[in-house]
Amino acid sequence: MLLIHCPYCEEERPELEFRAAGEAHIARSTNIAAESDEDFEKFFFIRSNPKGVIFERWRHIHGCARFFNAARDTITDRFLLTYKAGEPKPDVSTLSSEGGPAAWANRPPDQLNEKPKAKRSTKGEA
């Protein structure tokens, strides 16, 4: 079972409580009626499907029911980060799986819903 961290509930929940809602950070046209049929088709139906990190919208359908965004690696199916809808898109180069991902599969029962430990900053320390 894959556990996904909901940034609103601030806990990890089973994947069965969530639904994928497509690609995140899609820019909508300010005048959709003026779009050509080809451009509208590209906007409405065509999405990127990169190999590697992708930004997606998810909904915690059987929890708080809110939408949030996630950075997920399509190769490993590992969630690198989840963040609230409306927050800016994180820089891909800063994402890493070190320090624990936003979701884990097959975690021991004693580690379920365990809050991640804060990383210590080494900036400015002598």
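## Strand pairing around β4

In β5, isoleucine 54 has arginine 72 as its bridge partner. This comes from a predicted model. The two strands involved are β4 and β5, and 7 bridges join them. They run antiparallel. Strand β5 covers residues 67–73, while β4 covers residues 53–59.

Strand β4 also pairs with β3, which spans residues 19–23. That pairing is antiparallel too, over 3 bridges. Here glutamate 23 meets its bridge partner in β4, glutamate 56. In a regular strand, side chains alternate between the two faces of the sheet.

## Overall layout

The protein has 1 helix and 7 strands. From the N terminus, the order is β-β-β-α-β-β-β-β. The chain holds 126 residues, and 25% of the residues are buried.

## The helix and its acidic patch

Helix α1 takes in residues 37–44. A patch of negative charge lies on the surface. Its members are Asp37, Glu38, Asp39 and Glu41.

Glutamate 41 belongs to α1. Is this residue buried, partly exposed or exposed? Glutamate 41 has a relative accessible area of 42%. Buried means under 20% and exposed means over 50%, so glutamate 41 counts as partly exposed.

Note on methods
Residues numbered from 1 in each chain as written. Predicted model: local features only at pLDDT ≥ 70, side-chain atom pairs only at ≥ 80, totals over all residues. Heavy atoms only, no water. Pairing = 2+ DSSP bridges. Helix = DSSP H or I, 4+ residues; strand = E, 2+ residues; numbered from the N terminus. Patch = residues over 30% accessible without salt bridge, like charges linked within 9 Å, V, L, I, M, F, W, Y side chains within 5 Å. Areas by Shrake-Rupley, 256 points an atom, 1.4 Å probe, with all protein chains shown as cover. Salt bridge = Lys/Arg side-chain N within 4 Å of Asp/Glu carboxyl O. Lys, Arg positive; Asp, Glu negative; His and termini not counted. Charge placed at Lys NZ, Arg CZ, Asp CG, Glu CD. Buried < 20%, exposed > 50% of the residue type's maximum accessible area, 1.4 Å probe, protein only.
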